Amino acid sequence: MRRIAAATPIARERPSDRRCLGKGLFLAAALLAGGCGGSEQEGARSDRGGRATPEPSQGFPVTVRDDGGREVVLPAPPQRIISLVPSATSILLALGQEAQFVGRTDFDDEAAVASLPSVGGGLGSSIETIVSLRPDLVVRFEAGSDATTPRRLDAAGIPHFSIRPNGIEDVMRIIGLLGQAVGEVEAADSIRASLRDELDEVALRVAGAPRPRVAILGGDPPLAAGPETFLHELVELAGGANVFADAGALYAPVSVEAVLARDLDLLLVSEGTPVPRALEAIPLRRIPLEVEIPGLGLGASARILAGLLHPGLTP
């Protein structure tokens, strides 16, 4: 599988910023769900009513470098976590951190955190609520437009770092980063290895098959997924050729005329996205919501896309 370097953080909020903070990448609010519950670890743990002093832990303090280029020192494994990115929530749950969560966003619906107080959306969260929950780690989305959240967290003395899962390798790196932050490096490595195996299996199944020319569209007016997005990478891995691989690095606005000029075999369109009448002659497949989530479900998303592009080649 081709390795893609992490995209450079942008200086202003793109439409994809909010799409990455809910449950559907091309919709107005979007990002990641899934994951599994946690297991008990040795050492002092807080209950969800107040901070506890953690016991010394091997490998700490650790320094993590976030997607905004900041170096964040964590003196001990965090005992009170708030994640403002649902994909990170899912990863942390898979790393066994269920007991450490003290808050959630409106988009977190996993049973493990559903009963916790909400701090609002991923962007524009209630800083007052976050501070009242006394977290010792906040994971937030790297958005150049949101300077208020990191500034106010700094003022409150709350450790935080940012992530931005644009591409597949970003997701892999973030899994490792979160594993390092909570002292579960081996578990993170295992999750990444399993996810790579899933992606490799899909690529092997479609190897040698004809590569249909496709566009990946969503939004109104429509945006096309460009070459530094995980959707582009998944389509290419699943045996397709993204005709907008030369477009903007992430999600670029496109006209009907531009789509028609690309000589498509297939349109992949986000659920809920209207299709202009002029494009109705092109064969169309709807992308299920779960495919638009760049997190632990990337392997399943690749299988779904391979099934859309190559019926019969994948289970």
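Helices and strands here are DSSP runs, numbered from the N terminus. The model is predicted.

Stop 1: Select R134. It sits in the loop between helix 3 (127-132) and strand 4 (137-141).

**Stop 2: two cis peptide bonds.** Go to P61, in the loop that runs between helix 1 (15-19) and strand 1 (62-65). The bond from F60 to P61 is cis, with omega near 5°. Next, select P221. This proline belongs to the loop between strand 6 (213-218) and strand 7 (223-225). The bond that joins D220 to P221 is cis, with omega near 5°.

**Stop 3: a helix pair.** Show helix 2 (residues 86-94) with helix 5 (residues 168-182). Their axes lie 10 Å apart, and the packing angle is about 55°. Helix 2 is therefore oblique to helix 5. The crossing is right-handed. Now display side chains at the contact: A88, I91 and L92 from helix 2, and I174, I175, L178 and V182 from helix 5.

**Stop 4: the largest cavity.** A search of the whole structure turns up three cavities of 30 Å³ or more. The largest holds about 60 Å³ of space. To find it, select L217, P222, S255, V256, V259, V269, T273, P274, V275, P276 and L279, which line it. Colour this lining by residue type: nine are nonpolar, two polar and none charged.

Definitions and conventions:
Residues are numbered from 1 along each chain as its sequence is written. This is a predicted model: local features need pLDDT of at least 70, side-chain atom pairs count only at pLDDT 80 or more; totals for chains, interfaces and linings use all residues. Side-chain values use heavy atoms; hydrogens and water are left out. On a 1 Å grid over the protein atoms alone, a cavity is a set of points where a 1.4 Å probe fits but cannot get out, and a pocket is an open set with protein on both sides within 12 Å along at least five of seven lines; lining residues have an atom within 4 Å of a point. Grid points are joined across faces, edges and corners, and a volume is the space filled by probe spheres set on the points. Ala, Val, Leu, Ile, Met, Phe, Trp, Tyr, Cys and Pro count as nonpolar, Asp, Glu, Lys and Arg as charged, and the others, Gly among them, as polar. Axes are lines fitted to C-alpha atoms, for helices over the stretch in contact, and angles run from 0 to 180 degrees between N-to-C directions. Helices (H or I, at least four residues) and strands (E, at least two) are DSSP runs, numbered from the N terminus. Angles under 35 degrees count as roughly parallel, over 145 as roughly antiparallel, 65 to 115 as roughly perpendicular and the rest as oblique. A crossing is left-handed if the near helix is turned anticlockwise from the far one by less than a right angle, and right-handed if clockwise. Contact means heavy atoms within 4.5 Å.
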